[in-house]
Amino acid sequence: MSVADWTSPKLRKRSGEIIFYVALSLAAFIWLVPIIWMFSLSLTPNEILKTITTSLIPIKPTLQNYISVFQVGLTPRWFLNSIIVTVVTTVGTLVLCAMAGYAFARLEFKGKNILFPFVLAGLMVPKEAMFIPLFLMFAEFEMHNTYPALILPRVAAPLGVFIMTQFLKAIPRDIEEAAELDGASRWTIFWKIMLPMSVPALTALGIFTFILTWNDYLWPLVSATEKEMFTITTGLASLQGNFAQATELGSLMARGVLASAPLLILFLVFQRQLIRGIAVGSGGK
Amino acid sequence: MSDSTLAAHAPLQISRWRRWWDRNRDSVDAYLFLAPFLAVYSVFVIYPVIQAVYMSLYDWDLLAMGMREFIGLKNYASMAWGTGITWDLQHLLVWRLVGLVTIPVSWWAAFRGSMRRATAGWLSVAAAVLFAGIMGIHPGEAGGRWNDAVFWTSLGNTVEFVLISTPLIVVIGLAMALALNGSGRSLGLYRTAFFASYVFSVSVLTLIWGYLLQPQRGILAAFLSSLGVEPIPWLTNPSLAMPAIVMATLWWTVGFNMVLFLAGLQDIDPTLYEAAEIDGAGRLMQFRHITLPGLQRTTLMVIVLQIIASFQIFGQVYIMTRGGPGGSTRVLIQHIYESGFRDFELGYASAMSLFLFVIMFVVSFFQFRLSPQEE
């Protein structure tokens, strides 16, 4: 009867499922190998890495590579630069986009039919391609190698306005109307009612902006040319060219781990919101 | 003016002002709310485009800030023209014929009703101009050459990257979404695993992959040698460098497309599958007749986003290979960057930026035309 058992639909389905999950686990493991490898190298002493670099488990694990990050080089400074630039950009983007989105979603005004398409047109401007005129603009005001130069061009996000407009449009009007009857001002309505109600959209937009700003490479490369003003992303890139690669591999990987740490933590905590944000942001739903 | 007339007019003035205020209060508020965004947006997003157009008409030296000379369209000529340029039918014939297939395909789609006729018309015109016309232009045999051959190499490499990476990243993203669509807790863990690589910055990506691909010390070589394969010098071999960049990019960004496809799958009405099941339709039938049509909108969006992102490729190439070996991975943004900041030719770099801008504008234009009209 065993032959009949194996061909029974239930068992076939069960074994199919097992094969599926085994294959999936293998694929996921291979997918994560580069990340595991980076962690492993960052925990291995540099002396050992001179001979063995291919172990996924650290040999004679040590935290020395991480300690050295704070002793040698500018990595802590770059990290701080990235934090400042990213946090200010994210908060600025949220405030500006929420205000503009509120105007487009809730207020009737002359010129709306022109202004909204004008903002959407910005979606077609490739930020990466327009760094030459931006460079000149900041050069004329001698503002390169400053935080405002790293922040300002990244704050105006047409996509953010679009997302906020769509989201605010979908909120029912009755609470606002009640507040209006009570004599609340526009600003109060926006600040006390609309903003708290749009927390889901703000979270998604905020995380997304945070990731993109933290990882921005071309504009910081163009604008911040002094070593002290590098962000962690451009700083880490600069190390890959001229670091004593053969002898300091472990320290380099430790810097890579530190550079990714804020985003990895953010990702693990806010995964759900981030994923929804991507779907909403690019789907235009 | 006598006192009496003033007294008579004052209330009228106030009430007129008052009425204007009542009528325009919303507009005033709206502009106050919009002002901060519009200011930053106009200065840092819109104005640079205009400034780029202006700069592209000048010989604009980065070092001599005061020195610039109006040269009309000469930057565009240095970019896209040369000496002894000719046109003939045979040049790049195979590629052009492949490109021209766009025309029958789009009319077939229009005939089936999945594309508007006007769009098929636009696509055909664009394909005819590009493939039948422009791509036949090249330097002639007898001493002809481009003004800037590197521009064409960079454009060619960029297009190569777009053409290889887009189908791969889109199809694999779709496959991953189909495999991981569902509500089980374990599926969620797998989704997390495959999406995690997206949060790394480009310099962490290159840090990992630069070493991973190394023939002497990389983990890929170690794995391959256990299978008996000789170490492969990925990044130093001109014909392997671009595939290696594509591989790293795939690992980095495919999770993003997976998430978009997963969202698209959520939007398909589940009762359609139930009905199909009752009708006895198999999995493959369901995929062909429910899943694929249901994902049409998402797929189009993913393709367009992918093309736009791929045209702007820079970081991974610049850090890992600096465009080498032998210029085989040099891409358009790198050429713009180096023209501006190594050769100090800001005008010329602006002309190339606008060229890239136009490519992306055309791609987005077709996205708008192709996406189903909203009611």
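**Domains, chains and a core**

Tutor: Let's start with two centres: the C-alpha centres of domain 1 of chain A and domain 2 of chain A lie 35 Å apart. The whole thing is a predicted model, where local features need pLDDT of at least 70, side-chain atom pairs count only at pLDDT 80 or more, and totals for chains, interfaces and linings use all residues. Residues are numbered from 1 along each chain as its sequence is written, while chains are lettered from A and ligands numbered from 1 in the order in which they are written.

Student: Where do the domain bounds in chain A come from, and what are they?

Tutor: Domain bounds come from an automatic or database domain assignment. For chain A that gives domain 1 (2-66) and domain 2 (73-283).

Student: What makes residues of the two domains count as being in contact?

Tutor: Two residues are in contact if their C-beta atoms, placed from the backbone, lie within 7 Å. By that test, twelve residues of domain 1 of chain A are in contact with nine residues of domain 2 of chain A. On the domain 1 side, α2(A) gives the largest share, four residues. That side divides into six nonpolar, five polar and one charged.

Student: Which residues are called nonpolar, and which charged or polar?

Tutor: Ala, Val, Leu, Ile, Met, Phe, Trp, Tyr, Cys and Pro are nonpolar, Asp, Glu, Lys and Arg are charged, and the others, Gly among them, are polar. Now try the chains: 62 residues of chain A are in contact with 64 residues of chain B. Of the chain A side, 13 residues come from α15(A), the largest share. By class, that side has 47 nonpolar, eleven polar and four charged residues.

Student: What makes something a helix or a strand here?

Tutor: They are DSSP runs, numbered from the N terminus: helices are H or I with at least four residues, strands are E with at least two. Chain B has 16 helices and six strands on that count. One of the helices is α10 (residues 238-266), where B:M247 sits.

Student: Which residues of α7(A) are buried?

Tutor: A:F131, A:I132, A:P133, A:L134, A:F135 and A:F138 are. In chain B, 33% of the 375 residues count as buried.

Student: What makes a set of residues a nonpolar core?

Tutor: They must be buried Ala, Val, Leu, Ile, Met, Phe, Trp, Tyr and Cys residues joined through C-beta atoms within 7 Å. The largest such core has 151 residues, and those with the most contacts inside it include A:C97, B:F37 and B:M352. Beyond its neighbours within four places in sequence, B:M352 is in contact with residues including B:M79, B:F151 and B:L332.

Student: How do you know how confident the predictor is about chain B?

Tutor: Look at pLDDT, the predictor's confidence in each residue, from 0 to 100. Chain B has a mean of 87, and 94% of its residues reach 70 or more. The model scores ipTM 0.88 and pTM 0.88.

Conventions: A residue is buried if 20 or more other C-beta atoms lie within 10 Å of its own, exposed if 12 or fewer, and partly exposed in between; C-beta atoms are placed from the backbone.
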